[in-house]
Amino acid sequence: MSYVDYFNRLPYTEREHLGKAFERFRNGVNLETLRAIYGSLYHRTADGSDQATNLYTQIEIERVSHSSNYLVEGTHQHTGESFTNEYDAVVAATGYHPRIPAWVDRVEIEWEAENQWRVNDRYQIATQTALAGSLFTHTNLEHSHGPAATNLGMAVYRNAIMLNEMVGETMFDVAAQQPFTSF
């Protein structure tokens, strides 16, 4: 049994307690990685050469369009200042703070706690009444799937599981890795 499976089967109160122990892993960007990126950018441009990369924080991207380059339009969250810039490439790190969309109010979702829906081990959100289809989630999983929930490296694994569930057969082989530790 994987740690994610183990974690998902624990009672909510125990998952909540364990989740707090992993708080430093859920900050979105590893501090050492961010320092390494910043240090690399600094050393590349310390001699006054043209800076080819920019890091922006606290911005809301409102529109991205593409022709020969990416045209990005947005607003700074604190100043309200609008911006439009053109880039060769865009990497958007959107963070890990769960935001529950407004349309969720129209679905009778089972909640484990405020803003924490009940999610099974297949990433399907539980509902109080049967739906014609299924509702899956890629976010707001820390309380149900543990510290691996925010691991972007696990995204392909989660996608494969969800797609297999959606089509009702194994389209993508998700080989169970045998952990050395038992839970």
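The largest nonpolar core here has 14 residues, and I109, W117, V119, Y123, I125 and L141 touch the most other members. A nonpolar core means buried Ala, Val, Leu, Ile, Met, Phe, Trp, Tyr and Cys residues joined through side-chain atoms within 4.5 Å; buried is under 20% relative accessible area, exposed over 50%, and partly exposed in between, using a 1.4 Å probe and protein chains only. Keep in mind that this is a predicted model, where local features need pLDDT of at least 70, side-chain atom pairs count only at pLDDT 80 or more, and totals for chains, interfaces and linings use all residues. Residues are numbered from 1 along each chain as its sequence is written, and side-chain values use heavy atoms, with hydrogens and water left out.

**Overall build**

- The protein chain has five helices and five strands, taken as DSSP runs numbered from the N terminus (helices H or I, at least four residues; strands E, at least two).
- Reading from the N terminus, the order is α-α-α-β-β-β-β-β-α-α.
- Of the 183 residues in the protein chain, 22% are buried.
- Take the contacts (heavy atoms within 4.5 Å) with a separation of 6 or more: 35% of them join residues 24 or more positions apart.

**Around the core**

- Core member V119 is in contact with N8, Q124, I125, T137, L141, S144 and H145, once neighbours within four places in sequence are set aside.
- N140 sits in the loop between β5 (116-117) and α4 (142-145).
- With a relative accessible area of 5%, N140 is buried.
- The N140 side chain reaches the backbone oxygen of N115 at 2.7 Å.

**The loop at E81**

- E81 is found in the loop between β2 (70-76) and β3 (82-87).
- Its relative accessibility is 56%, so E81 counts as exposed.
- Skipping residues up to four places away in sequence, E81 touches G74, T75 and H76.
- From E81 to I59 is 22 residues in sequence and 9.5 Å in space, C-alpha to C-alpha.

**A nonpolar surface patch**

- L163, M166, V167, M171 and F172 make a nonpolar surface patch of about 480 Å².
- One of these residues, M166, lies in helix α5 (residues 155-167).
- Patch residues have over 30% relative accessible area and no salt bridge, with like charges joined within 9 Å and nonpolar side chains (Val, Leu, Ile, Met, Phe, Trp, Tyr) within 5 Å; a salt bridge is a side-chain nitrogen of Lys or Arg within 4 Å of a carboxyl oxygen of Asp or Glu.

Conventions:
Polar contact = N/O pair within 3.5 Å; in protein donor to acceptor, adjacent residues only side chain to side chain. Areas by Shrake-Rupley, 256 points an atom, 1.4 Å probe, with all protein chains shown as cover.
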